[in-house]
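Good morning, and thank you for coming. I would ask you to look at the sequence and the model together while I speak.

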Amino acid sequence: MKKANIKYGLSYVAQKLGIDRSTLFRYVAGKVKKVPDEIISTTAERLSLEELSDALYGLKTVDVDPTTVLKW
């Protein structure tokens, strides 16, 4: 949900999920341990495959040019 909030903003995401901003904030902040499945699936549908991958695996996918690779 953090990715969706970054992309669209807290108010927009809360509205699209049909919940209030404070509930969404509690989900994102980890104050609610069990987020309902329908909230997770609706949020995931709004993210691109790359954003979803970043959220699930914690890895950022970026394009790297050969010059940058050779520097390492």
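Predicted model: local features only at pLDDT ≥ 70, side-chain atom pairs only at ≥ 80, totals over all residues.

Residues are numbered from 1 along each chain as its sequence is written, and side-chain values use heavy atoms, with hydrogens and water left out.

How many helices and strands does the protein have? There are 6 helices and 0 strands, and the order from the N terminus is α-α-α-α-α-α. Helices (H or I, at least four residues) and strands (E, at least two) are DSSP runs, numbered from the N terminus.

The confidence of the predictor is given by pLDDT, a value for each residue from 0 to 100. Its mean over the protein is 79, and 79% of the residues reach 70 or more. Which elements have the lowest and the highest mean pLDDT? The lowest, 68, belongs to helix α6 (residues 66–71), and the highest, 90, to helix α3 (residues 21–29).

Next, the surface. The accessible surface comes to about 5600 Å², and carbon and sulfur atoms hold 57% of it; such areas come from the Shrake-Rupley method with a 1.4 Å probe, and for residues only the protein chains shown count as cover. I shall call a residue buried if its relative accessible area is under 20%, exposed if it is over 50%, and partly exposed in between (1.4 Å probe, protein chains only). Of the 72 residues, 19% count as buried. I shall also speak of contact, which means heavy atoms within 4.5 Å. Among contacts with a separation of 6 or more, 45% are between residues 24 or more positions apart.

In helix α2 (residues 10–17), the residues Val13, Ala14 and Leu17 are buried. Seen down the axis of α2, these buried residues fall within an arc of 100°, so they line one face of the helix. The arc is that of the directions from the helix axis to the C-beta atoms. The buried residues of α2 pack against α1 (2–8), α3 and α4. Just after α2 comes glycine 18, with a positive phi of about 75°.

In α3, the buried residues are Thr23, Leu24 and Tyr27. They cover an arc of only 100° around the axis, which puts them on the same side of α3. What do they pack against? Their partners are α1, α2 and α4. Glycine 30 follows α3, and its phi is positive, near 80°.

Between α2 and α3 there is a loop, and isoleucine 19 lies in it. Isoleucine 19 has a relative accessible area of 19% and is therefore buried. Not counting residues up to four places away in sequence, isoleucine 19 touches Ala14, Leu24, Tyr27 and Ile39. Isoleucine 19 and isoleucine 39 are 20 residues apart in sequence, and their C-alpha atoms are 9.2 Å apart in space.

We come to helix α4 (residues 37–45), where threonine 43 is found. Is threonine 43 buried or exposed? Threonine 43 counts as buried because its relative accessibility is 5%. Its side chain reaches the backbone oxygen of isoleucine 39 at 2.8 Å. Leaving aside neighbours within four places in sequence, threonine 43 is in contact with Met1, Ala4 and Leu17.

Isoleucine 40 also has its place in helix α4. At 42% relative accessibility, isoleucine 40 counts as partly exposed. Residues up to four places away aside, isoleucine 40 touches Met1 and Val35.

Glutamate 51 is found in helix α5 (residues 49–57). Beyond its neighbours within four places in sequence, glutamate 51 is in contact with Lys3 and Lys7. Glutamate 51 and lysine 3 are 48 residues apart along the chain, and their C-alpha atoms are separated by 6.8 Å.

Finally, a salt bridge is a side-chain nitrogen of Lys or Arg within 4 Å of a carboxyl oxygen of Asp or Glu. The count by this rule is 1 salt bridge. Aspartate 37 forms a salt bridge with lysine 34, and the closest N and O atoms are 3.4 Å apart. Aspartate 37 is exposed, with a relative accessible area of 55%, and lysine 34 counts as exposed at 59% relative accessibility.

Definitions and conventions:
Polar contact = N/O pair within 3.5 Å; in protein donor to acceptor, adjacent residues only side chain to side chain.
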